[in-house]
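Here is a short briefing on one protein chain. Look at the fold first, then follow the points below.

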Amino acid sequence: MTSENNYLTICPVSYFIKVPGDMIPDIVSGKLKDCDIKVYSYLVSKVGQKPAIYMPVKKMAVELNVNHVTIKRSLERLQNNQYICRKRTKNYSRTSIIKRWTLVSL
């Protein structure tokens, strides 16, 4: 009992963010969690080609729809595994990406 008006609309994805291949073994081993990929991808998209960003944790939590404590834990794990570098400044933390994906030609 379907009609022509009943259909599923799929929103196209406008871009993909590649993550370093090193992340897969770190996730499998338990060093990183699935939320860490979400936070890392968010940071990469915000940083772009700039060297770093200044982004409050609470703003990240709102934009990612995740608790700010979860964001802090993810940032700590990403920093401990050397995917990002965070340095505290007077008002915010400066976040820069250490490991980026690289294009390998075969």
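Among contacts in the chain with a separation of 6 or more, 56% join residues 24 or more positions apart. Contact here means heavy atoms within 4.5 Å. The model is predicted: local features need pLDDT of at least 70, side-chain atom pairs count only at pLDDT 80 or more, and totals for chains, interfaces and linings use all residues. Residues are numbered from 1 along each chain as its sequence is written, and side-chain values use heavy atoms, with hydrogens and water left out.

**The chain as a whole**

- The chain has four helices and three strands. Helices (H or I, at least four residues) and strands (E, at least two) are DSSP runs, numbered from the N terminus.
- Starting at the N terminus, the order of elements is α-α-β-α-α-β-β.
- Of the 106 residues in the chain, 32% are buried. Buried means under 20% relative accessible area, exposed means over 50%, and partly exposed lies in between (1.4 Å probe, protein chains only).

- Helix α3 spans residues 57–64, and V57, M60, A61 and L64 are buried in it.
- Why do they share a side of α3? They cover an arc of only 100° around the axis, which puts them on the same side. The arc is that of the directions from the helix axis to the C-beta atoms.
- An α-helix has 3.6 residues a turn, so residues three or four places apart point the same way.
- K58 and V62 are exposed on the other side of α3.
- The buried residues of α3 pack against α2 (34–47), α4 (68–80) and β2 (84–88).

**How α3 packs with α4**

- The angle between α3 and α4 is about 110°, and their axes are 8 Å apart. Axes are lines fitted to C-alpha atoms, for helices over the stretch in contact, and angles run from 0 to 180 degrees between N-to-C directions.
- α3 and α4 are therefore roughly perpendicular to each other. Angles under 35 degrees count as roughly parallel, over 145 as roughly antiparallel, 65 to 115 as roughly perpendicular and the rest as oblique.
- From α3, V57, M60, A61 and L64 make the contact; from α4, H68, I71, K72 and L75 do.
- These residues divide into six nonpolar, one polar and one charged. Ala, Val, Leu, Ile, Met, Phe, Trp, Tyr, Cys and Pro count as nonpolar, Asp, Glu, Lys and Arg as charged, and the others, Gly among them, as polar.

**How α2 packs with α3**

- α2 and α3 pack at about 105°, with axes 11 Å apart.
- This pair, α2 and α3, is therefore roughly perpendicular.
- K38, V39, Y42, L43 and K46 of α2 meet M60, E63 and L64 of α3.
- That contact divides into five nonpolar, no polar and three charged residues.

**Residues to find**

- T70 sits in helix α4. T70 is partly exposed, at a relative accessible area of 25%.
- T70 and C35 are 35 residues apart in sequence and 8.0 Å apart in space, C-alpha to C-alpha.
- N65 lies in the loop between α3 and α4. N65 has a positive phi, near 60°, and is exposed at 71% relative accessible area.
- Q82 lies in the loop between α4 and β2. Q82 also has a positive phi, near 60°, and counts as exposed at 51%.
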